[in-house]
Amino acid sequence: MTGRTLYDKIWEQHVVADFEGGDNLLYVDRHLVQEVSSPQAFAYLRQNNLPLRRPDLHIAVADHAVPTRRKGHPFADGLAKRQVERLRENVETHGIAYMPMNGDRHGIVHVIGPETGFTLPGCTLVCGDSHTSTHGAFGCIAFGIGASECASVFATQTIRQARQKTMRVNLDGGLPVGVTVKDVILALIAEIGTGGGVGYAIEYAGSTIRDLSMEARMTLCNMTIEAGSRVGMVAPDETTFTYLKGRPLSPEGEMWERAVAAWSDLKSDEDAVFDREITFDTSTLEPQVSWGTTPEQTGAISGVVPDPDRIADRGRASRVRKSLAYMGLTPGTRLNDIPVDRVFIGSCTNGRLEDLRAAAAVLKGRQVAQSVRAIAVPGSAAVRIAAEAEGLHEVFLAAGFEWRDSGCSMCVAMNDDRLEEGERCASTSNRNFEGRQGKGGRTHLMSPQMAAAAAVTGRLSDVRELL
Amino acid sequence: MEKFTRITSIAAPLLENAIDTDIIFPARFLLLLDREGLGKYAFNEWRGEGFVLDTPPYDTAQILVTGENFGTGSSREQAVWTLADKGIRCVVARSFGEIFYSNCFKNGVLPVRLTGADMDAVEAAAEAQEPLTVDLEDRCIRLPDGRTIAFDIADHHRRALLAGLDEVGTILADHAESIARHEERRRASAPWLDLPQAKLDALAEESA
Ligand code: SF4
C-alpha cells in the first residue's frame, strides 16, 4: 500500500458517511462565524425551525463591516451597523461565543482563530470566507464555504464535500534578503495561474517552509485560494506547537501532551503520492508587485508593465489589455516608476505582528511621501496591543501613517476605509480585483516591507534599496 | 430550492476569462441582509449601455456563456443569488471557481463546463442570438441546428437540481445517527477538540 498524504489522513478521520459517486459527509470541528456570510444561514435555521447543533464549536466576530476608527467615532454606515447588530442578535439567540468590536479579542476571523487557539492541527475548520485557507498553516483542513454550507454546519455540524486531489508544492532554497513569503506566493501564483490550483488541496513542503514562522505560513496558506485552491496546508511541527501552547482555547496539562503526541504524527508518509507535485526555487526570487486585476498578473519589481501585443495567447492578451486599461498603466512602464496615492498595511494576509514589525523596520526614521496617505491596520486587537507594547505604533505614527483599530479595513470596500475612483494603492492584502478596494480603485499587491517602501518613496519601490 | 429540468433561452455571451466574484457582486452590497432582490446588483460596475446583459435581446437571457475560471475569488453565495435573481438559470463556462461552482447547486443554478469545439459552438450560438436548450435530464445542450452537446455533471448534483432537494434536510433525515456516533468516537480519540463551555465563556468575557 502506498503512503497517504497529510490531507488524506485528516480527511479520513472526519468522514461521517459516504455518498454514491464519491462524496463524503464531512464532520466539521470548527466553524468561524462572521457578519457577512452568516445572516442568511441563521435565517435558514429560523425558517426551518431548526436548532444550532453544536454552538460550542463556533466562535463569532464582526470584521468586514466594522469601522477601524472606533474610539470617539460613531458607527457611520447604517447598513454596516445593522449587519453587525444582526450578527450579535443571532449569536446570542444560539449561544455562540462572540468577540465584540471594542474588546481585546476582536480581529479578523483568520487572525483570531489561531490567536485564541481555536484553530488546531488535525481538525476540520470552515468559515463562510474564502481565506479560511489561512488556518491550514496549522496542519488542519480549512476551507471557505458558501452561506448554504454554513447553514448545513449550523444545523448538522457536517457538510457534504468531494475530496480534493492533492498537490505538493516544494519550496526550497530559503529567502533572499528583502524577500518574504508574500513574494513567494505572488510569484507562485504568477507561475501557475489563478486557476492553477483548482481541484487540489495544496501541501507546502521543503526547506524554505520549515524555517518559516507561523505568521509567514499563514500568509502563504492565506493566498492559496488566489491560486484557485481552497485548501493550503503545512504539516505541524515544533514551531506550530510552540505557537499554540498556552493560547486560551488550546488544550492544557495532560490533554496538551496527548494532543501534541497525536499532532506529531500528522505528516504525509515518505512514500505518499500526490496527484501533482511542483518544486519552486525561492533562492533567487525578487520582491514582487502585482500590476493587473488578478493576482497572477504579478511581476518582479525590477520588471516593466507587460505589452499585451506581445502575448501570443489571445485570451490572455485580451485580459491583460483590459486590466491595464482599468489600472491606467502603459506597457513598458518600469514598475518602480508607478506612483501611488495610498498605502494599506493590514488584512488577514499581512496584518500580524511580524508584518507590522517588518514594515516598521523600513519606516523607522523615514517619512511617508507627501502625496501619499497611508494606514496601518492591525489584524486583531491582540496584534495592536502587542505592537503598541513594542512601540511600533510610534514608528508608524512618526512616519505619518494612521494607526487604526482591527478589522478588514481597506482589503474590502465594505467599511469606511476604501479607495476613491482612480486612486492607486500599495496594499498588503490579497486581491487586486476590479473595485475590490473601492469602485474604480487600483490595487498593487505586495509584502508589508514593500508597501512601507512605497509609502516613503511615493511610488512602487524595491525595498532592498532601503534596507 | 427551485427545480431545474430543462430550459430554452438565448444565451448572453460574456466572453472574458477569470470574471471574479467581486465583479459579479461587488463587496459593498454584501452589507444587504436578505437574499431576495439582489439581481439588480449583478455585475454592477460593468452595467449600462454596451454591457451584454443590458442589451436586448440578451437582457432576458436565462443562460450566460463565459470564459475560464468564472466565479474565482470569494466564497460569497451572493454571486449565485444575484445571477439567479436576475433570471440566469445556467452558466456555461470553460472552468469555474470552486466555491462558486458548488454554491450553484444549492440555488437551482446549473453550471456547465465545456471546452474545445463544444464550447466554440455554444459561443457561436450565443453570439448569433440563437436559442439553446439545456436539458439536465439528458445532460446535454441542444443547438438550433440539431446538434447535441453532452456535458458532465456529478450524479448527485444532477439529482439535487432535478428534484430541487434541500441538502440540509436530507442530511438530518438520513445521517443524524452517524453524526452522533462520529462525535462519540471523536470524544474518545481527540477529546481536545471539544471546547469546554467555561473556556469559551471566559474568552467572550475577557473580550467584553
Ligand atoms: S482581511 Fe480581506 S481577505 Fe481577509 S477576511 Fe477580511 S476581507 Fe477577507
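Modeller: Fine. Keep in mind that this is a predicted model. The rule finds 7 salt bridges across the interface of chain A and chain B.

Biologist: What makes the pair A:Asp29 and B:Arg186 a salt bridge?

Modeller: The distance from N to O is 2.5 Å. The cut-off is 4 Å, between a side-chain nitrogen of Lys or Arg and a carboxyl oxygen of Asp or Glu. The side chains of A:Asp29 and B:Arg186 therefore meet in a salt bridge.

Biologist: How is the size of an interface often given?

Modeller: As the accessible area lost when the parts come together. Between chain A and chain B, about 6,200 Å² is buried. Carbon and sulfur atoms give 58% of that area. In contacts, 89 residues of chain A meet 65 residues of chain B.

Biologist: Why is H5(A) called largely enclosed?

Modeller: Because 10 of the 10 residues of H5(A) are buried. Among them are A:Glu149, A:Cys150, A:Ser152 and A:Phe154. Just after H5(A), A:Gln157 takes a positive phi of about 60°.

Biologist: And what makes helix H1 (residues 6–13) of chain A mostly covered?

Modeller: Here 6 of the 8 residues are buried. They include A:Tyr7, A:Asp8, A:Lys9 and A:Trp11.

Biologist: How do you know whether B:Ile171 is buried or exposed?

Modeller: Its relative accessibility is 2%. Buried means under 20%, so B:Ile171 counts as buried. B:Ile171 is found in helix H6 (residues 167–189) of chain B. Leaving aside neighbours within four places in sequence, B:Ile171 is in contact with residues that include A:Leu25, A:Ser152, A:Thr156 and A:Thr158 of chain A. From chain B, the contacts are B:Ala176 and B:Ile179.

Biologist: Turn to A:Arg217, in helix H8 (residues 214–222) of chain A. Why is A:Arg217 called buried?

Modeller: The value is 0% relative accessibility. That is under 20%, so A:Arg217 counts as buried.

Biologist: What makes A:Leu212 and A:Arg217 a polar contact?

Modeller: The backbone oxygen of A:Leu212 lies 3.1 Å from a polar atom of the A:Arg217 side chain. The limit is 3.5 Å, so this pair falls within the cut-off. Beyond four places in sequence, contacts of A:Arg217 include A:Ala137, A:Val234, A:Asp237 and A:Thr240.

Biologist: What is the phi of B:Phe43?

Modeller: Near 50°, again positive in a residue other than glycine. B:Phe43 is in the loop between H1 and E3 of chain B. Its relative accessible area is 0%, so B:Phe43 is buried.

Biologist: What makes the peptide bond from B:Pro56 to B:Pro57 cis?

Modeller: Omega is near 0°. B:Pro57 is found in the loop between helix H1 (21–24) and strand E3 (63–66) of chain B.

Conventions. Residues numbered from 1 in each chain as written. Chains lettered and ligands numbered in written order. Predicted model: local features only at pLDDT ≥ 70, side-chain atom pairs only at ≥ 80, totals over all residues. Heavy atoms only, no water. Contact = heavy atoms within 4.5 Å. Buried area = accessible area lost by both parts, 1.4 Å probe. Helix = DSSP H or I, 4+ residues; strand = E, 2+ residues; numbered from the N terminus. Buried < 20%, exposed > 50% of the residue type's maximum accessible area, 1.4 Å probe, protein only. Polar contact = N/O pair within 3.5 Å; in protein donor to acceptor, adjacent residues only side chain to side chain.
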